[in-house]
Amino acid sequence: MKGIVSKVALGVAGTGMAVAVAAVAVGPRVSEWWDGRHQEQASYESGSQAKADRRSMPSWLPDNASSVKYLMSTTGDDRLLRATLPDGRLPAGCTAGAPGKGPHPIPVSLRAGWFPEDVAAKVSGTCGHYDVTLTGNQLFAWQDGAALQAALRAERVAKD
């Protein structure tokens with residue numbers, strides 16, 4: 001009887017150990033999948049190609065922008081955008097300077113290796129509902145979905 005109990009205990013311990021190893025090995029991949037399941041990412045050669053392919057691409061993005069990278073939430077209005085601008089100036093229709101109430105944070109739900117995390121501290125202006133930073137000819141733009149919804153509500157109230 002003692003031998004059977006020892007074998008069962010050893011089997012349970014072995015199974016527990018196998019589950020723990022599997023959780024450590026597979027856990028990060030499951031976490032990445034879970035976090036990224038409501039996101040879409042794309043790269044485009046030009047601004048015109050990006051706008052032709054994706055309705056959510058901002059209209060202020062110049063057609064001649066190159067190396068466009070885009071990450072968006074499919075469950076909200078959070079967006080990240082990076083593009084190379086040939087003339088190194090903010091696009092037409094954008095406003096230089098810090099936004100009126102200060103820059104909005106970069107959406108915490110979105111992370112991309114091509115988008116610096118500290119870029120919000122260097123805000124150069126706004127383009128539509130995006131905060132933007134221009135570093136040389138690199139444009140980094142982000143849209144905080146919660147801030148966008150608040151702005152749209154305020155616009156509706158102002159019209160009524």
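Buried means under 20% relative accessible area, exposed over 50%, partly exposed in between, with a 1.4 Å probe and protein chains only. Strands are DSSP runs of E, at least two residues, numbered from the N terminus.

Before I go on, the ground rules. This is a predicted model: local features need pLDDT of at least 70, side-chain atom pairs count only at pLDDT 80 or more, and totals for chains, interfaces and linings use all residues. Residues are numbered from 1 along each chain as its sequence is written, and side-chain values use heavy atoms, with hydrogens and water left out.

Now the neighbors of β3. Two strands pair if DSSP finds at least two bridges between them. With β2, residues 66-73, β3 pairs antiparallel over five bridges. Leu 71 stands opposite Leu 80 there. A hairpin of five residues connects β2 to β3. β7, residues 138-143, also runs antiparallel to β3, joined by six bridges.

Look at Thr 84, in β3. Its bridge partner in β7 is Gln 138. The two side chains also make a polar contact of 2.6 Å. A polar contact is a pair of N or O atoms within 3.5 Å; within protein, one must be able to donate a hydrogen and the other to accept it, and residues adjacent in sequence count only if both atoms are side-chain atoms. Thr 84 is buried, at 15% relative accessible area.

Next, the disulfide. The rule is a pair of cysteine sulfur atoms within 2.5 Å. That gives one disulfide. Cys 94 joins Cys 127, S to S 2.0 Å. The S-S torsion is about 115°, so this disulfide is right-handed. Cys 94 sits in the loop between β3 and β4, Cys 127 in strand β5, so the pair ties together parts 33 residues apart in sequence. Both cysteines are buried.

Last, the cores. A nonpolar core is a set of buried Ala, Val, Leu, Ile, Met, Phe, Trp, Tyr and Cys residues joined through side-chain atoms within 4.5 Å. The largest has 20 residues. Those with the most contacts inside it are Met 57, Trp 60, Leu 61, Val 68, Leu 81 and Val 132. β1, β2, β3, β6 and β7 each give two or more residues to this core. Apart from it lies another core, of 12 residues, including Leu 80 and Trp 142.

Notes: Helices (H or I, at least four residues) and strands (E, at least two) are DSSP runs, numbered from the N terminus.
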